[in-house]
Amino acid sequence: MNALAVAAPRSRARPFVVLAFGVLLGLTVSSVGFTSYDEVHRMFTFSDLRMFLAFLGGVTLTSLGFFALRSRRRAPPRPIHKGTVPGALLFGVGWALAGVCPGVVVAQLGEGRPFALLSAAGIVAGTLTYRVAHRRLFRWDRSC
Amino acid sequence: MDLLFSLWPWWLGAAALAFVAVGSLLVLGRPIGVSSTIARVLDPEARRNERDLKASSEDARLEAMLAASTAEVLTLPADLDDSEGERDNEGSRASPAGTVVGPALNWSESALLLVGIAGGGLLAALLAGRFGAPLETTAIDLFGDGAGAWAALFGGGVLVGFGTQMGGGCTSGHGLAGCGSFQPGSLLSTALFFGAAVLTSFALAGFAS
């Protein structure tokens with residue numbers, strides 16, 4: 001357990017660990033094909049199941065790993081709230097249109113693809129717009 | 001090594017995604033969730049809180065503020081909070097079993113994560129010889145070469161940004177971590193966002209043909 005304090009809050013190694021996980025995530029989404037509009041569209045139209053299997057396999061392995069850690073680590077709770085359904089639907093439509101989800105667009109920027117700036121700008125705009133909308137209109141908690 | 005130049009087989013992607021999710025929970029205390037990370041980087045208050053705390057490292061009251069600011073994404077109203085533990089001054093929450101929900105990344109760590117993801121994309125693209133690759137043909141087929149594609153990319157992005165904030169997560173947070181821990185909000189979200197994406201994609205393909 002003490003070995004894992006290497007990346008506890010305010011430890012010196014933590015920033016490097018964060019960076020390393022980021023690099024691995026970016027490398028993965030890019031190498032699996034999530035940054036490719038062609039591949040994403042194939043996934044969502046069931047023309048090719050490879051990426052669906054990668055995701056489902058990832059969830060399965062993650063659940064096994066989380067289960068193994070359950071006595072020492074706990075992922076944050078995520079209850080159903082008023083924003084769950086509309087938020088997910090909007091996100092899904094947007095993902096199909098733009099071909100990206102938040103992590104993927106960041107990887108695309110790293111891939112040096114100029115059009116990614118458009119989708120990234122959209123994501124920033126949507127994120128900031130929501131903050132205003134939530135303050136003025138909505139009252140539910142979206143903790144994650 | 002062929003894996004550097006061609007797309008990974010599904011099982012390698014699965015293993016890598018799980019490694020990131022489980023590894024970040026284990027070592028960082030919390031699984032990675034990109035949409036909340038982006039929101040935090042875009043939040044001037046989160047940056048201010050971190051600066052205030054760095055300026056005075058020995059003031060216990062400001063330490064508590066750090067805990068509060070990093071814990072703010074953990075905070076649930078009492079009726080939604082299904083863990084019954086006390087919060088310690090790390091901004092973590094202990095549940096009765098002695099397990100701990102770790103604090104969220106602070107502003108600097110959040111920015112660093114995004115830099116890392118971009119770096120990973122850069123590495124993958126360079127290794128595969130596809131740095132700077134143009135928008136794929138499917139998008140052109142669906143939306144044309146001009147304003148239509150721009151609208152789809154930007155407008156789709158707006159929906160992604162707005163929707164992930166409204167729903168409280170994206171593919172990493174809800175999809176991997178949330179489903180991996182069988183959270184009801186995540187299971188529902190993931191089914192819905194995948195479902196909506198599938199329907200939209202079929203509709204787009206139908207309109208294009």
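**Note on chains A and B**

1. In this predicted model, helix 9 of chain B has its buried residues covered by elements of both chains. The cover includes helix 3 (50-68) and helix 4 (84-98) of chain A. From chain B, the cover includes helix 2 (10-28), helix 3 (34-41), helix 8 (147-167) and helix 10 (184-208). Helices are DSSP runs (H or I, at least four residues), numbered from the N terminus.

2. Why is helix 9 of chain B largely enclosed? Ten of its ten residues (171-180) are buried, so the rest of the structure largely encloses it. Buried means under 20% relative accessible area (1.4 Å probe, protein chains only). Among them are B:His174, B:Leu176 and B:Cys179. B:Phe182 follows helix 9 and has a positive phi, near 55°.

3. Now the interface. Chain B has 126 residues in contact with 105 residues of chain A (contact: heavy atoms within 4.5 Å). The buried area is about 10,500 Å², and carbon and sulfur atoms give 74% of that. Buried area is the accessible area (1.4 Å probe) that two parts lose on being put together, summed over both.

4. Three salt bridges are counted between chain B and chain A. The rule asks for a side-chain nitrogen of Lys or Arg within 4 Å of a carboxyl oxygen of Asp or Glu. A:Arg14 and B:Glu109 form a salt bridge through their side chains, at 2.9 Å, N to O.

5. Residues are numbered from 1 along each chain as its sequence is written, and chains are lettered from A in the order written. Local features need pLDDT of at least 70, and side-chain atom pairs count only at pLDDT 80 or more; side-chain values use heavy atoms.

Methods. Buried means under 20% relative accessible area, exposed over 50%, partly exposed in between (1.4 Å probe, protein chains only). Helices (H or I, at least four residues) and strands (E, at least two) are DSSP runs, numbered from the N terminus.
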